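Here is a short briefing on one protein structure. Keep the sequence and the 3D view open as you read.

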Amino acid sequence: SAALHTAASLSSLSLSRGALRGADLTPLFTLLQATGASPCNLLELSLRSNKLGDAGARQLFLSLSIGGRSGKCRLRALDVAANQLTVGAIDEVCTLLSALPSLVELDLSLNQLGAAKTVARAATSLAPWTASFEAMQALPAVLGNLPAALRTRSRAKDLLIAVLTNSSLCELRLDPGLLEAKEQLQLRQKLERNRDQYRLERDHTERGAYAPPSAHAAADADSRLRLRRLSLRRSNLGKISVSGGAPAEVPLIGVIFSNPLAFTDASGQVLPMETLDIDRERDLICDSFREAKRALKLRFEHATTDRLRTLVTLGCCVGLHYSGHGDPSYLSMEDGRGGAHFVAVAK
């Protein structure tokens, strides 16, 4: 506890294999919330192989969400593998992905997130015309576990939607069994798109807008990622260290896209929304700023109210670009789960 409060510049922390529970980590939760004047400089946190359970994980994810919304917590990598988590913690994971836009890596493996799916598959196989006598004997137990299986499927879809509407997460480790094969493919494709965009943004930031686009940007991405992490550990948040030079404040322009999949009308009916060509517009924005030859950083986010609040509280954000459906009386934002969130102009 004392070490955490005195290590203001701590950037990497490992508390793995300590049999820790949520009650043991109260000082850490306070640090992550960053409710005081000082920000939380922690970039990497490992709590692998402890005993957080769903209750401790909820406290952890809530603390990170509070710090993320205020812009004072910029954690990039979180490892909570092997912590006895179940699907009961997925709601808080979804909230975390919406509230902490700095998060790039999340490890949820070696937990019990998909345990109930085997029950759902067993129930599907118990068709009356094909079930054996042994299967019929097991039917009461299977049916008794069906509610848990249905909750698992619902939470799995919530997690998938949270990732599909996230623009910063590049690595998510899950055990097989939570997502169906088609959903796993969607997940991999989305994470790959995020990684590609992350490389482009990092290349733009680290090489500078004055440098021409590099044909070798993807080839040397891993080496520049290691340099970036070292630079962040030696620098204050919001500063970018150039090799051989002093830290320089780089202006930030926030770009938020609202592209919800559906909305609910006045009668309660869920209706689809027309989708926007976000990838093309993002390319046009990047090309325009390269041609303008200005040293600045672009930050792309989905247009949720949490992300907007984070951008305007960062301090170095000098401009904001919004793309989405509009109306004279409201702006169309996203609710973090693929739905529309209409924000009145008065707000």
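**Loops, a helix, a sheet and salt bridges**

Ala-34 counts as buried, because its relative accessibility is 6%, and buried means under 20%. This is a predicted model.

**Positive phi angles**

- Ala-34 sits in the loop between helix H2 (26–33) and strand E2 (44–46).
- Its phi is near 50°, a positive value in a residue other than glycine.
- Leu-110 is not a glycine either, yet it has a positive phi of about 60°.
- The loop between strand E4 (105–107) and helix H5 (117–124) holds Leu-110.
- Leu-110 counts as exposed, at 53% relative accessibility.

**Helix H10**

- Helix H10 (residues 278–292) has 15 residues, which should span 21 Å at 1.5 Å a residue. Its end C-alpha atoms are 21 Å apart, so the two values agree.
- Which residues of H10 are buried? They are Ile-278, Arg-282, Ile-285 and Cys-286.
- These residues cover an arc of only 95° around the axis, so they lie on the same side of H10.
- Arg-280 and Glu-291 are exposed on the other side of H10.
- Just after H10 comes Lys-293, with a positive phi of about 55°.

**A three-stranded sheet**

- Three strands form an open sheet in the order E13-E14-E15, with antiparallel pairing.
- Strands E13 (326–327) and E15 (340–344) stand at the edges. Each has a single partner strand, so one side of each has no neighbour in the sheet.
- E13 and E14 (residues 330–334) run antiparallel and are joined by two bridges.
- Asp-327 stands opposite Tyr-330 in E14.

**Salt bridges**

- How many salt bridges does the structure hold? It holds twelve.
- One of them joins Arg-58 and Glu-92, whose closest N and O atoms are 3.7 Å apart.
- Arg-58 lies in helix H3 (residues 53–70) and Glu-92 in helix H4 (residues 90–99), so this pair ties together parts that are 34 residues apart in sequence.
- Arg-58 is partly exposed at 32%, and Glu-92 is partly exposed at 23%.
- Arg-69 and Asp-306 also meet in a salt bridge, at 3.1 Å from N to O.
- That pair links distant parts of the chain, 237 residues apart: Arg-69 is in helix H3 and Asp-306 in helix H11 (residues 305–312).
- Asp-306 is buried at 14%, whereas Arg-69 is partly exposed at 24%.
- A network of salt bridges links Glu-171, Glu-192, Arg-195, Asp-196 and Arg-199.
- Glu-192 and Arg-199 meet in a salt bridge at 4.0 Å, N to O.

Notes:
Residues are numbered from 1 along each chain as its sequence is written. This is a predicted model: local features need pLDDT of at least 70, side-chain atom pairs count only at pLDDT 80 or more; totals for chains, interfaces and linings use all residues. Side-chain values use heavy atoms; hydrogens and water are left out. Two strands pair if DSSP finds at least two bridges between them. Helices (H or I, at least four residues) and strands (E, at least two) are DSSP runs, numbered from the N terminus. Buried means under 20% relative accessible area, exposed over 50%, partly exposed in between (1.4 Å probe, protein chains only). The expected span of a helix is 1.5 Å times one less than its number of residues. The arc is that of the directions from the helix axis to the C-beta atoms. A salt bridge is a side-chain nitrogen of Lys or Arg within 4 Å of a carboxyl oxygen of Asp or Glu.
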